[in-house]
Amino acid sequence: MAYLKRNKMKILIASDIHGSREASEKLASLDSFYNFSRIILLGDINYSGARNIPPHDYYPIDVCKNLLGLKNKLTIIRGNCDSRVDEFVLGIKFSDLLKETINGHNFIMTHGDLYNENDFTYHNNDVYLYGHTHVYKLEKHDNHYFINPGSTTLPKENTKKSYMIYDLEKDCITLYSLEDDSVIKTLELH
């Protein structure tokens, strides 16, 4: 078996798995193919909460097993359905809010329940990255970006199950359908 070098130029971004075995298997499969440098999960990893019907393949134990294989690449933002036991089982500290410079852009990462896009002052090329709504969004306004990968499991408002890949070399984020990997939309960051 050939060793697959880590792809330093691609980041997987996903949100709102809500305990779906299939979604977590898909994310692990994508990493097996691309070998991402990093995987950013924007919350609601294992539980569906009181407002959502659990997915048909609801099995948080398997979600944790699938994510443990990706542990050294994971950045996890705490969602409103996440608990302290998730951090313990995965051995990863979750953040409510993370500010970080990636590829020359100032990213503000949050789930979207405690903070929303109106809570921050933006500068050129700033990126507000969030989940929570289960509705994907790739928009540029006044030289800053509002980006939501939607939900891998419980999409809303007639959207599809989805995830994103940030190609650092091309400086663009592409939204994909989780079901067939077709491109839904691409947004260049510049």
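**View 1. Strand S5 and its cover in the predicted model.** Strand S5, which takes in residues 105-110, is mostly covered in this predicted model, and five of its six residues are buried.

**View 2. The hairpin of strands S4 and S5.** Strand S4, made of residues 97-102, runs antiparallel to S5 and is joined to S5 by six bridges. Within this pairing, leucine 98 stands opposite methionine 109 of S5. The two strands form a hairpin with two residues between them, and asparagine 103, which lies in the turn, has a positive phi of about 55°.

**View 3. The parallel pairing of S5 with strand S6.** S5 also pairs with strand S6 (residues 127-129), here in the parallel sense and over three bridges. Isoleucine 108 stands opposite tyrosine 128, a residue of S6.

**View 4. Helix H1 and the residue that follows.** Helix H1 comprises the 14 residues 21-34, which at 1.5 Å a residue should span 20 Å, and this agrees with its end C-alpha atoms, which are 20 Å apart. The buried residues of H1 are Ala23, Ser24, Lys26, Leu27, Ala28, Leu30 and Asp31. After the helix comes asparagine 35, whose phi is positive, near 55°.

**View 5. A nonpolar surface patch that includes phenylalanine 88.** Phenylalanine 88 is found in helix H3, which covers residues 84-90. Because its relative accessible area is 69%, and exposed means over 50%, phenylalanine 88 counts as exposed.

How values were computed
Residues are numbered from 1 along each chain as its sequence is written. This is a predicted model: local features need pLDDT of at least 70, side-chain atom pairs count only at pLDDT 80 or more; totals for chains, interfaces and linings use all residues. Side-chain values use heavy atoms; hydrogens and water are left out. Buried means under 20% relative accessible area, exposed over 50%, partly exposed in between (1.4 Å probe, protein chains only). Helices (H or I, at least four residues) and strands (E, at least two) are DSSP runs, numbered from the N terminus. Two strands pair if DSSP finds at least two bridges between them. The expected span of a helix is 1.5 Å times one less than its number of residues. Patches are made of residues with over 30% relative accessible area and no salt bridge: like charges are joined within 9 Å, nonpolar side chains (Val, Leu, Ile, Met, Phe, Trp, Tyr) within 5 Å. Accessible areas come from the Shrake-Rupley method with a 1.4 Å probe; for residues, only the protein chains shown count as cover. A salt bridge is a side-chain nitrogen of Lys or Arg within 4 Å of a carboxyl oxygen of Asp or Glu.
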